[in-house]
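Here is a short report for a reader meeting this structure for the first time. Please look through the sequence and the model before reading on.

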Amino acid sequence: MYTTNQKQGYVCIAITTIFFSLMEIVLKFIGADLNPVQINFSRFLIGGLVLLPFALRLLRRLAEQDVLMDRSDLCYFAFLGLVGIVISMTLYQLATIHANASVVAVLFSSNPLFVLVLAYLILREPIHVRNVVALLLDVVGIFCIVDPWNMDIQFAGVALTLSATLIFALYTVLGKRKCHKFGGLVVTCFGFLFGSVELMILALLGHVPAIADILLANGLDKFAYVPFFTGYTLHNLPLVLFVYIGVTGLGFASYFTAMEKTSANTAALVFFFKPVLAPILAFLILQEQIPFHMMVGIVFILCGSMTNLLPGLLHRH
């Protein structure tokens, strides 16, 4: 029998999976109207504000135990925002422009395995044989999806997605250092807020004519004269709110609630279901085809996820 907490946790996993699986698809729609940097600083600012009440409530509880946030913690959150939001999510946003939504979704879902490797290298966390096997299966899956023999593959999109995935894994591992003190919800909330402010500052710098000219001359037009409020219409507003509030705010809140109600291993099931659900949704909504080599790649990534997650889940229950 499942406890009430476990049942609530599984509901949160289902909600998170739906939000996360639709993310790349919706970004495809609004990406035609909005600048990628504009989308990023807006969605992480709003997402951070959605998470803020939950984070402040947790900080009040921690303060009762004499766990306080100081200047060094704020500086660390600013660094996390730079790595996770400014760098990784900007690359991710550009990837959704240059590659199919299904490809970005599946490849980004492999980030937990990159986290395992980086946690071993940086935090010296133990790595098991099953983790190595899972990583190898994941690499084979990525290789199948990239399909290097197919000259029509969007290499720029794949390169951007893998770069975003690796850097986001680094952000996750570096964030673990503060998770032990404050918890994942607080770390994510403040990383979002600092990252969005840093992106806004960079966007403002792109409005300086001399800097904008350099960006434009080097083909970085997406970073020059980034608009702040233009591009929003009554037509795209529901989709914008879905990404800004739904995915980035409520989606991450559900994810961390799932971890609290169950375990980190169980909550990671989101990245097991997403590689299956996202391509199906992309096919139904965007009419993106799922070629055979991608199906094979998805199977390998799912096997990798199962190899990595299943022992922990069995041990848990």
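The model is predicted.

**The second largest pocket**

This pocket holds about 230 Å³ of space. Two helices, H2 (36-63) and H10 (237-261), each supply at least two residues of its lining. H10 gives the most, with 6 residues. Among the lining residues are Phe-54, Arg-57, Leu-58 and Arg-61. Leu-185 also lines the pocket, as do Leu-250, Ala-253 and Ser-254. Phe-256, Thr-257 and Glu-260 belong to the lining too. By class, the lining of the second largest pocket divides as follows.

| Class of lining residue | Number of residues |
|---|---|
| Nonpolar | 6 residues |
| Polar | 2 residues |

**A buried charge**

Glu-198 sits in helix H8, which spans residues 184-205. Is Glu-198 buried or exposed? Glu-198 is buried, yet it has no salt bridge. The nearest side chain of opposite charge belongs to Arg-43, 14 Å away. What does Glu-198 touch, leaving aside residues up to four places away in sequence? Its contacts are Ala-78, Gly-81, Leu-82 and Val-86.

**An enclosed helix**

Helix H4 covers residues 101-108. Why is H4 largely enclosed by the rest of the structure? Because 8 of its 8 residues are buried. Buried here means under 20% relative accessible area. The buried residues of H4 include Ala-101, Ser-102, Val-103 and Val-104. Ala-105, Val-106, Leu-107 and Phe-108 are buried as well.

Terms used
Residues are numbered from 1 along each chain as its sequence is written. This is a predicted model: local features need pLDDT of at least 70, side-chain atom pairs count only at pLDDT 80 or more; totals for chains, interfaces and linings use all residues. Side-chain values use heavy atoms; hydrogens and water are left out. On a 1 Å grid over the protein atoms alone, a cavity is a set of points where a 1.4 Å probe fits but cannot get out, and a pocket is an open set with protein on both sides within 12 Å along at least five of seven lines; lining residues have an atom within 4 Å of a point. Grid points are joined across faces, edges and corners, and a volume is the space filled by probe spheres set on the points. Helices (H or I, at least four residues) and strands (E, at least two) are DSSP runs, numbered from the N terminus. Ala, Val, Leu, Ile, Met, Phe, Trp, Tyr, Cys and Pro count as nonpolar, Asp, Glu, Lys and Arg as charged, and the others, Gly among them, as polar. Buried means under 20% relative accessible area, exposed over 50%, partly exposed in between (1.4 Å probe, protein chains only). Lys and Arg count as positive and Asp and Glu as negative; His and the chain ends are not counted. A salt bridge is a side-chain nitrogen of Lys or Arg within 4 Å of a carboxyl oxygen of Asp or Glu. Contact means heavy atoms within 4.5 Å.
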